[in-house]
Every structure is written in structure tokens, then in C-alpha cells.
Amino acid sequence: MIKKRAPRALGFIFIASLLLSGCSGGILDPKGQVGVDEKNLILFSTVLMLLVVIPVIFMTIYFAWKYRAGHNQAVYDPKWDHSTRIELVVWLIPCILIVILGAVTWVTTHDLDPYKPLEGKGDHLEIDVVSLNWKWLFIYPDQGIATVNELVIPAGVPVKFRLTSESVMNSFFIPQLGSQIYTMAAMETKLHLIADEPGTYDGFSANYSGAGFSGMKFKTIATPTQQDFDAWVGLVRSSHQTLNDRSYQSLTVPTEDDPVSYYANVDDGLFDRIVMKYMRHHGHTPMTDQTMSAHMHKTSTDAPEMPAMAAPQETLAASSGTEE
């Protein structure tokens, strides 16, 4: 009998190990501060809700067994209608859990705000991200370089992302580093992440965006030291490609499963022009902070005089004379 059960037990252990292996490389295997905080929040919320779910499941099974049709020892009390203790348990415990969850949600919503810089981690590396059909463009404004489908950052250095989309909405997501955030055309979103450990982490789009969506993936490489990152920047600068308005237009053509490519030079302000391109299409000229301030000052000080309005009687008379 034991020999017959052994293969089944081994098979169960094998299947369970396969299921648990799915945690490796995902949100439950974080490699950055933001990812760790989000994992702790998920586990805390799950355990807190299980305090209600598990007793309910247990009592459902217990009541079904105790009051089954073949159990003649069960007490029949048709006039029972109230129990203060049951009412307290049914209402008080869920209310306490809701208050705790609400307080935790309020605190973590502000602490894990993707727009909030990571405090105490030093200066942030700035990277501009553009989602295209179906690839990712990463622009390093301070280094003057750009890459397609490869993101390289130094471990231990916080990163400030500015994100937008060329066309349809996408979702930028590196599960082991933290929050996902949407990219939308003519809009700029922000995200702050950090990789506490060197390694290679999977990144992809978490929002369906068309036929090539499944191949819209990239590798995030966290280099062990700043020197390794600088060496990679030098490698990119050895490329013969330049990213300007014309070469960017070639990137906007929908393609699938694109290889990694490097651009040694990037035109200044390209990301801002990508964000504002639809404003130009509608006849609006984008304004910088300086031009906006000057425009508002001029509007308030040099307001044009309103033309004098004719009296209603004079207007009616003139209209009648014209008709005649």
C-alpha cells in the first residue's frame, strides 16, 4: 500500500515545486527597495484578509458536517433568533480589519507614490522612456545616448524615469524592481525605482497594445559598480547611429521582436518634442516655463480695449434699415 502511494506523493511534490518556482523572478522576489516594500504590503494585506477567510471556510465545513441530514444528535431550536456574541464577532472583527487596511493603504499610498523621489539614496539617474509599437526606447539625457530594448542602470543608484508613448497606451513594468506605470501619448508620467542588487531583470509591457505586444520585452541590467555602468556608456557611444527627429520617425514604424540597438548621440529635447508633437498637429505651439510666464504677464498688463457696443435700439434700427 505504501509503495502505491509513493509515486503519487512524489508527483504532488513535483507539481508543488513547479508552482512555487513561479515566485522566482517575480514580484515576490524583489531586488529593490520599492519592490520589497510592495511585497511586504501584499503579504500583510493577504494575511490580514485570511483572518476572515479561513474561519469562514472552516465554519462552513463544520456547520455542513454538524447539521447534516444523518446527524440525529444536532439540537433543533426553531425559536432561536439572536446571539449578541455572534453579532459582535460578525460585525466587530471585519470593522477592525477594515480600519487597519484603510490606515495601511493611506500610509503606503503616499510612501509608494511613483512620482516621489527615493529619499536618502543620493542623486537620481534620469532616463526618458518612450513606448513604441512594439519596442522600448530609453534615452539617457545626461549621457547623451539612447538604446532600444535594453535598460542599463548601476546597482544602488536611484533612477528617475519620465515616460510617454508614441501612440497607444502601454504599461512599463519591471516586476522585481517595483511599480508598473502607464505610458500615454501626449502625456508624461514619472516613476522612481532602484536596484539594490546587481543582476539582470525582465521588463515588459503589462498592457495589451496590439499584434506585437508579446514581443515587447527588454532586459534591465543592474551593473555592480558605477565604473561598469560608465564602461557600458562608452560602449554605446562607440555606435555609429544618431537619434534625431528623422531617425526617430523610422523607429515609429511598427515592428516586432526588435533586437537591441544603440545610439551614440541624441538630439537635445527629443523627449519633450515627442510628448508635445500632437499639440503641434492641432495648431498649438508648446510653451516653456519662461514663455508661459512672459505670456501671462503680457496678458495681464497689456489687455486690449474692448470695442464699444452699440445700444440695442441702434443695432435694431441699423438691422431694419439694411433689410429695407
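Biologist: Where is Asp257 found?
Modeller: This is a predicted model: local features need pLDDT of at least 70, side-chain atom pairs count only at pLDDT 80 or more, and totals for chains, interfaces and linings use all residues. Residues are numbered from 1 along each chain as its sequence is written, and side-chain values use heavy atoms, with hydrogens and water left out. Helices (H or I, at least four residues) and strands (E, at least two) are DSSP runs, numbered from the N terminus. On that numbering, Asp257 is in the loop between helix 5 (245–251) and strand 12.

Biologist: Is Asp257 buried or exposed?
Modeller: Buried means under 20% relative accessible area, exposed over 50%, and partly exposed in between (1.4 Å probe, protein chains only). Asp257 has 58% relative accessibility, so the residue counts as exposed.

Biologist: What phi does Asp257 have?
Modeller: Asp257 is not a glycine. Even so, its phi is positive, at about 50°.

Biologist: Which loop holds Ala186, with its positive phi of about 65°?
Modeller: Ala186 is not a glycine either. At 28% relative accessibility, Ala186 counts as partly exposed. Its place is the loop between strand 7 (181–183) and strand 8 (189–193).

Biologist: What is omega for the peptide bond from Asn133 to Trp134?
Modeller: Trp134 sits in the loop between strand 1 and strand 2. The bond from Asn133 to Trp134 is cis, with omega near -5°.

Biologist: In what order do the six strands of the open sheet run?
Modeller: Two strands pair if DSSP finds at least two bridges between them. Here the pairing is mixed, and the order is 8-5-1-2-3-12.

Biologist: Which strands stand at the edges of that sheet?
Modeller: An edge strand here has a single partner strand, so one side is left without a neighbour in the sheet. The two are strand 8 and strand 12.

Biologist: By what angle are its neighbouring strands turned on average?
Modeller: Axes are lines fitted to C-alpha atoms, for helices over the stretch in contact, and angles run from 0 to 180 degrees between N-to-C directions. For this average, direction is ignored, and the value is 20°.

Biologist: Which residue of strand 5 stands opposite Val130?
Modeller: Strand 1 and strand 5 run parallel, joined by seven bridges. Opposite Val130 stands Thr164.

Biologist: Which residue of strand 8 is the bridge partner of Phe161?
Modeller: Strand 5 (residues 159–165) and strand 8 run antiparallel, with five bridges. Strand 8 is largely enclosed by the rest of the structure, because four of its five residues are buried. Phe161 has as its partner Leu191.

Biologist: Which backbone oxygen lies 2.5 Å from a polar atom of the Thr147 side chain?
Modeller: Thr147 belongs to strand 3 and counts as buried because its relative accessibility is 0%. A polar contact is a pair of N or O atoms within 3.5 Å; within protein, one must be able to donate a hydrogen and the other to accept it, and residues adjacent in sequence count only if both atoms are side-chain atoms. The oxygen belongs to Glu150.

Biologist: How far does helix 4 (residues 226–237) reach from its first C-alpha to its last?
Modeller: The expected span is 1.5 Å times one less than the number of residues. Helix 4 has twelve residues, and 16 Å is expected. Its reach is close to that, at 17 Å.

Biologist: Which residues of helix 4 are buried, and what arc do they cover?
Modeller: The buried residues are Phe229, Trp232, Val233 and Val236. They lie on the same side of helix 4, because their arc, taken from the directions from the helix axis to the C-beta atoms, is only 105°.

Biologist: Which exposed residues does the face turned away from the buried side of helix 4 carry?
Modeller: An α-helix has 3.6 residues a turn, so residues three or four places apart point the same way. On helix 4, the face away from the buried side carries Gln227 and Ala231.

Biologist: Which strands do the buried residues of helix 4 pack against?
Modeller: Contact means heavy atoms within 4.5 Å. By that rule, the partners are strand 1 (125–132), strand 2 (135–140), strand 3 (145–148), strand 4 (150–154), strand 10 (217–223) and strand 12 (261–263).
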